[in-house]
Every structure is written in C-alpha cells, then in structure tokens.
Amino acid sequence: MKIALKKCSKCGESKPATPEYFHRNKSNNDGLRYDCKECSERYNQSEKGKERTRRYQQSDKGKESNIKYRQSDKRKKYQREYHKKYQQKKKQEGAK
Ligand SMILES: [Zn+2]
C-alpha cells in the first residue's frame, strides 16, 4: 500500500499522512491535523502557544476537560504514584 503524502501547512514539507508525522484531528477529513508534529510541537513551546494553552484552560471547554482528566484513572494512578514517592521521600528525610 502506498502511503499518501501530506503537505504541512506551516513548514510546507511533504510528509507521510500518518499519525507518526501528524497529530490526530477527528474533525478533518483524513483525521489528521494540517500542520506536522514538528511544527505543532514548536508552536506549543512558543510563547504564543503557551498563551493559547493558558486561555484554553481558562475556557469552559478547557475546564471541562480538566475535570474529566481529574476524574480519569490515569490521573488517579499518577496521584497514587506521586503520593507513594512523597511518603518515601518524607521517610528518608525523617531518618536523617
Ligand atoms: Zn511542518
């Protein structure tokens, strides 16, 4: 099977239209974003991207997804691990 190439809307490079090179976006026809992973990651790390994330987190939609995340198993697992590490650290410090 021949893999179709997709031109990134930001850097203009043609890359294979697979989730390996492009982040997923369900609302697009091919299920992938217009810009490649490299570009979207660069954007996320820029001040502009960080500002956008901040604004998203303050929006209703962002708050909603944050609540969902807090209630997710992934988060619970993370908290358990974190708590465990914290307790261990406390113990070690107390032993000094
Ligand atoms: Zn790109």
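Me: Helices are DSSP runs of H or I, at least four residues, numbered from the N terminus. With that in mind, where is Gln-58 found?
Reply: Gln-58 is found in helix 2. Keep in mind that this is a predicted model.

Me: Is Gln-58 buried or exposed?
Reply: Gln-58 counts as exposed, because it has 10 C-beta neighbours inside 10 Å. The cut-off for exposed is 12 or fewer.

Me: How many residues of helix 2 are buried?
Reply: The count is 0 among its 12 residues. Helix 2 is hardly covered.

Me: What should helix 2 span, at 1.5 Å a residue?
Reply: Helix 2 covers residues 47-58, and its 12 residues should span 16 Å. The end C-alpha atoms are 17 Å apart, which agrees. The expected span uses one less than the number of residues.

Me: And helix 3? What does it reach from its first C-alpha to its last?
Reply: Helix 3, residues 60-71, reaches 17 Å. That is close to the 16 Å expected for its 12 residues.

Me: On to helix 4. How many residues does it have?
Reply: Helix 4 has 23 residues, 73-95. From first C-alpha to last it reaches 33 Å, close to the 33 Å expected at 1.5 Å a residue. Helix 4 is hardly covered too: the buried count is 0.

Me: Let's zoom out. How many helices and strands does the protein have?
Reply: The protein has 4 helices and 4 strands. From the N terminus on, the order is β-β-β-β-α-α-α-α.

Me: Which domains does the assignment give?
Reply: Domain 1 is 5-44 and domain 2 is 46-95. Their C-alpha centres lie 27 Å apart.

Me: What is the radius of gyration of the protein?
Reply: The protein has 20 Å. A compact globule of 96 residues would be near 12 Å. The C-alpha atoms fill a box of roughly 60 × 35 × 25 Å along the principal axes.

Me: How many of the 96 residues count as buried?
Reply: 3% of them count as buried.

Me: Now the strands. Where is Lys-7 found?
Reply: Lys-7 is found in strand 1, residues 5-7. Lys-7 counts as partly exposed, because it has 13 C-beta neighbours inside 10 Å.

Me: Leaving aside neighbours within four places in sequence, what is Lys-7 in contact with?
Reply: Gly-12 and Ser-14. Ala-17 is 10 residues from Lys-7 along the chain, and their C-alpha atoms are separated by 8.5 Å.

Me: And Pro-19? Where is that found?
Reply: Pro-19 is in the loop between strand 2 (14-16) and strand 3 (22-24).

Me: Why does Pro-19 count as exposed?
Reply: Because Pro-19 has 12 C-beta neighbours inside 10 Å. The exposed class takes 12 or fewer.

Me: Which residues is Pro-19 in contact with, beyond its neighbours within four places?
Reply: Arg-24 and Leu-32. Arg-33 is 14 residues from Pro-19 along the chain, with the C-alpha atoms separated by 9.3 Å.

Technical notes: Residues are numbered from 1 along each chain as its sequence is written. This is a predicted model: local features need pLDDT of at least 70, side-chain atom pairs count only at pLDDT 80 or more; totals for chains, interfaces and linings use all residues. Helices (H or I, at least four residues) and strands (E, at least two) are DSSP runs, numbered from the N terminus. A residue is buried if 20 or more other C-beta atoms lie within 10 Å of its own, exposed if 12 or fewer, and partly exposed in between; C-beta atoms are placed from the backbone. Domain bounds come from an automatic or database domain assignment. The radius of gyration is taken over C-alpha atoms; the globule rule is 2.2 Å times the number of residues to the power 0.38. Two residues are in contact if their C-beta atoms, placed from the backbone, lie within 7 Å.
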